[in-house]
Amino acid sequence: MHTADVDSETGSSVRAWPHDGLVAWADDAHRRTMGVGLDRYEVVRATPWSTVVRWRVGGRWVWGKAVCPGFAAECGLLLLLAERAPELVLAPIAVEPEHGWMLLPDGGETLKGIADVSIWTNALLGYATLQHTLVGAEVALLEVGCPDMRPHAAVRHLERMMDVGHVPQHRWLIDAAAAVADRVDTDLVPSTIQHDDLRPDNVFADGRVFDWGDSSLAHPFASLLTALMPDRVDRPGSAADKAQMRVAYLRSWQRFVGLDRAAPSLTELQEQADLAVMLAPIGRIDTWLRAPAGARETFPNAIDRWVDHLLTTNWP
């Protein structure tokens with residue numbers, strides 16, 4: 001985890017996800033793996049879906065995270081990512097998937113507040129490399145519990161959300177999303193890991209990405225929805241800068257795809273990115289539905305925001 005100031009207000013939240021079991025488990029896990037137990041801890045962040053704590057051990061922080069069942073797939077995913085791309089992620093000390101507990105070393109400072117256009121571009125390129133590494137791991141990603149948000153699966157999710165009343169009934173939207181899914185060429189750009197909350201405070205200063213609870217198996221370009229959100233002070237760059245960052249990211253995919261076949265044109269990739277980003281809000285809605293009800297009570301407009309995004313999209 002990353003070093004951060006303790007937020008006493010969120011740390012005392014009555015809606016916080018419980019962490020008592022995490023503390024006892026982490027002490028035992030750290031003693032078994034590192035040869036020393038854990039002493040007093042402090043709560044760093046507490047939300048309805050997860051609580052993060054830390055201990056001071058030998059001059060460094062050790063971090064613990066307890067997550068709700070809807071995000072417990074992060075436990076197995078961390079192990080998979082550490083196995084496939086150890087230099088690009090923070091490998092956990094131990095995980096307990098059944099309870100959603102993770103014990104992690106300190107990853108250092110994050111890019112929060114320091115990411116400029118150049119730094120964030122390099123972070124995007126490093127993230128793209130991680131996505132490249134996980135191409136072909138679809139079965140493994142699903143086995144560890146990542147939601148399936150590949151284009152047509154995402155449309156089915158949206159339809160189920162409407163059927164059970166989580167999302168207002170807009171049948172035309174299903175047809176529009178299905179038509180877009182038909183146009184996404186998954187043979188051109190294969191599905192892989194999609195973080196779904198890519199922002200500077202989820203990336204360490206050395207470029208490693210963390211906090212994978214929202215992630216899914218999806219079209220990789222769906223990550224551009226959160227990574228390059230407009231009008232956000234925590235996403236560096238002007239609209240023109242973000243257009244160039246998007247090109248840099250897509251160029252990395254152009255080179256990757258071109259390793260074993262004719263590389264697609266940038267125009268083709270731009271079109272595929274447009275389509276993937278149109279469907280990406282479905283994954284954001286699913287994330288909020290996987291959280292406990294208290295999360296939606298605390299953030300009552302979270303789902304409506306993304307539904308509005310879908311309804312106001314200029315669907316082809």
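Student: In this predicted model, what span should the 15 residues of helix α2 have at 1.5 Å a residue, and how far apart are its end C-alpha atoms?

Tutor: Helix α2 covers residues 20-34. The expected span is 1.5 Å times one less than the number of residues, so the 15 residues of α2 should span 21 Å. The end C-alpha atoms of α2 agree with that, being 21 Å apart.

Student: Which strands do the buried residues of α2 pack against?

Tutor: Buried residues are those under 20% relative accessible area. In α2 these are Leu22, Val23, Trp25, Ala26, Ala29 and His30. They pack against β1 (41-46), β2 (50-57), β3 (60-67), β4 (94-96) and β5 (101-105).

Student: Which residue just after α2 takes a positive phi?

Tutor: Helix α2 runs over residues 20-34. Just after α2, a positive phi of about 85° is taken by Gly35.

Student: Is α3 largely enclosed by the rest of the structure or largely open, and how many of its 12 residues are buried?

Tutor: Helix α3 spans residues 73-84 and reaches 17 Å from its first C-alpha to its last, close to the expected 16 Å. Its buried residues include Cys75, Leu77, Leu78 and Leu81. Their cover includes β3, β4, β5, α4, α5 (138-143) and β7 (192-194). Helix α3 is largely enclosed because the number of its 12 residues that are buried is nine.

Student: Is Glu74 buried or exposed, and what is its relative accessible area?

Tutor: Glu74 sits in helix α3. Leaving aside neighbours within four places in sequence, Glu74 is in contact with Lys65, Val67, Met102, Asp211, Trp212 and Gly213. The limit for a buried residue is under 20%, so Glu74 counts as buried, with a relative accessible area of 4%.

Student: Asp211 has a positive phi; where is Asp211, and what is its relative accessible area?

Tutor: Asp211 is not a glycine, yet its phi is about 60°. Asp211 lies in the loop between β7 and β8 (216-218). Asp211 is partly exposed, with a relative accessible area of 25%.

Student: Is Asp231 buried or exposed?

Tutor: Asp231 belongs to the loop between α8 (224-227) and α9, and its phi is positive, near 55°. A residue counts as exposed when its relative accessible area is over 50%. The value for Asp231 is 79%, so Asp231 is exposed.

Student: Are α4 and α9 roughly parallel or roughly perpendicular to each other?

Tutor: The axes of α4 (residues 117-133) and α9 (residues 239-257) come within 10 Å and cross at roughly 30°. Angles under 35 degrees count as roughly parallel. The relation of α4 to α9 is therefore roughly parallel.

Student: How many nonpolar, polar and charged residues does the contact of α4 with α9 have?

Tutor: Helix α4 passes α9 in a right-handed crossing. Among the contact residues are Trp120, Leu124 and Tyr127 of α4 and Met245, Tyr249 and Phe256 of α9. By class, the contact of α4 with α9 has 11 nonpolar, four polar and one charged residues.

Student: How is α9 oriented to α10, roughly parallel or roughly perpendicular?

Tutor: Helix α9 packs with α10 (residues 266-290) at an angle of about 110°, their axes 10 Å apart. Angles of 65 to 115 degrees count as roughly perpendicular, so α9 and α10 are roughly perpendicular.

Student: How many charged residues does the contact of α9 with α10 have?

Tutor: Arg246, Val247, Leu250, Arg251 and Gln254 in α9 meet Leu266, Leu269, Gln270, Ala273 and Asp274 in α10. By class, this contact has five nonpolar and two polar residues, and the number of charged residues is three.

Note on methods: Residues are numbered from 1 along each chain as its sequence is written. This is a predicted model: local features need pLDDT of at least 70, side-chain atom pairs count only at pLDDT 80 or more; totals for chains, interfaces and linings use all residues. Side-chain values use heavy atoms; hydrogens and water are left out. Axes are lines fitted to C-alpha atoms, for helices over the stretch in contact, and angles run from 0 to 180 degrees between N-to-C directions. Helices (H or I, at least four residues) and strands (E, at least two) are DSSP runs, numbered from the N terminus. Angles under 35 degrees count as roughly parallel, over 145 as roughly antiparallel, 65 to 115 as roughly perpendicular and the rest as oblique. A crossing is left-handed if the near helix is turned anticlockwise from the far one by less than a right angle, and right-handed if clockwise. Contact means heavy atoms within 4.5 Å. Ala, Val, Leu, Ile, Met, Phe, Trp, Tyr, Cys and Pro count as nonpolar, Asp, Glu, Lys and Arg as charged, and the others, Gly among them, as polar. Buried means under 20% relative accessible area, exposed over 50%, partly exposed in between (1.4 Å probe, protein chains only).
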